[in-house]
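I opened the notebook to go through one model.

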Amino acid sequence: MSVTSVAVEQPTVALLWPKTGLTIELASLQGLWTDEMYLRLTQQTNNLIEFTDGDIEALPMPTRKHQRILALLYELLVALVRPQGGEVLFAALRMQIRPGKFREPDLLLLLDKRDPRNQEEYWLGADLVLEIVSPDNPERDTVTKRADYAEAGIPEYWIVHPLDETITVLILEDGSYVEHGLFRRGERASSRLLSAFVVAVDAVLDAE
């Protein structure tokens, strides 16, 4: 038995028996998934799947442009953070916002790799997360996850928006995010958490 997920307007999750072709859709379980069921499901598929209070959502597969941007930022952050004892990882890696809510950020960073939030199966938080906005549902990254990562107490959240050609850097103040900067082409995006991390918006958006 294997588990497959198909991303559509309302994601369909099904159990598939390859030998017989039998497929049983699990849409009726929406609202009933537990943390344990979600973790087991995500161990059996390469699809990005997120979880909120009993509901699961299958995310779209990334594009080449998305992956080029992610690769560039990952390489830059690793070069900066790893020599100082930090750790930078990328999707697919689950991060628990709280019991009952998991996200899979495009990029996650801890200043100290020995941080107890750095767990094998999923992280219990991060010092910085980054999302590259997906064209299928931009509000997922710009609105929903802004609230999610604030709820998780993530100090800094980067939103790379290829359609708007912007990079937004948010910092956590009193439990909610405020803009550290909204950076456009011709400008350089900077981090407050990592004072040495400054990157040209053009270089990110035109990554090859």
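What volume does the largest pocket have? I read about 410 Å³ for the largest pocket. I am working on a predicted model, where local features need pLDDT of at least 70, side-chain atom pairs count only at pLDDT 80 or more, and totals for chains, interfaces and linings use all residues. Residues are numbered from 1 along each chain as its sequence is written, and side-chain values use heavy atoms, with hydrogens and water left out.

**Pocket.** I noted the terms before going on. A pocket is an open set of points on a 1 Å grid over the protein atoms alone, where a 1.4 Å probe fits, with protein on both sides within 12 Å along at least five of seven lines; lining residues have an atom within 4 Å of a point. The volume is the space filled by probe spheres set on the points, which are joined across faces, edges and corners.

I then looked up the lining. It has 25 residues, and the closest to the pocket centre are Pro-62, Thr-63, His-66, Ile-132 and Ser-134. Helix 2, strand 11 and helix 3 (138-151) each supply at least two lining residues. Helix 2 gives the most, with 4 residues. (Helices are DSSP runs of H or I, at least four residues; strands are runs of E, at least two; both are numbered from the N terminus.)

**Cores.** Next I checked the nonpolar cores, sets of buried Ala, Val, Leu, Ile, Met, Phe, Trp, Tyr and Cys residues joined through side-chain atoms within 4.5 Å. Buried means under 20% relative accessible area and exposed over 50%, with partly exposed in between (1.4 Å probe, protein chains only). The largest core has 26 residues, and Trp-158, Val-160, Ile-167, Leu-194 and Phe-197 have the most contacts inside it. Elements giving two or more residues to this core include helix 2 (64-81), strand 12 (156-161) and strand 13 (166-173). Helix 2 gives the largest share, 7 residues. Another core, of 16 residues, lies apart from it, with Leu-108, Ile-154, Ile-159 and Tyr-177 among its members.

Leaving out residues up to four places away in sequence, Leu-194 touches Leu-77, Leu-80, Val-81, Leu-109, Leu-111 and Leu-128. Contact here means heavy atoms within 4.5 Å.

**Helix 1.** Which residues of helix 1 (residues 35-42) are buried? I found Asp-35, Tyr-38, Leu-39, Leu-41 and Thr-42. They line one face of helix 1, because they fall within an arc of 160° seen down its axis. The arc is taken from the directions from the helix axis to the C-beta atoms. Exposed Glu-36 and Arg-40 sit on the face turned away from the buried side.
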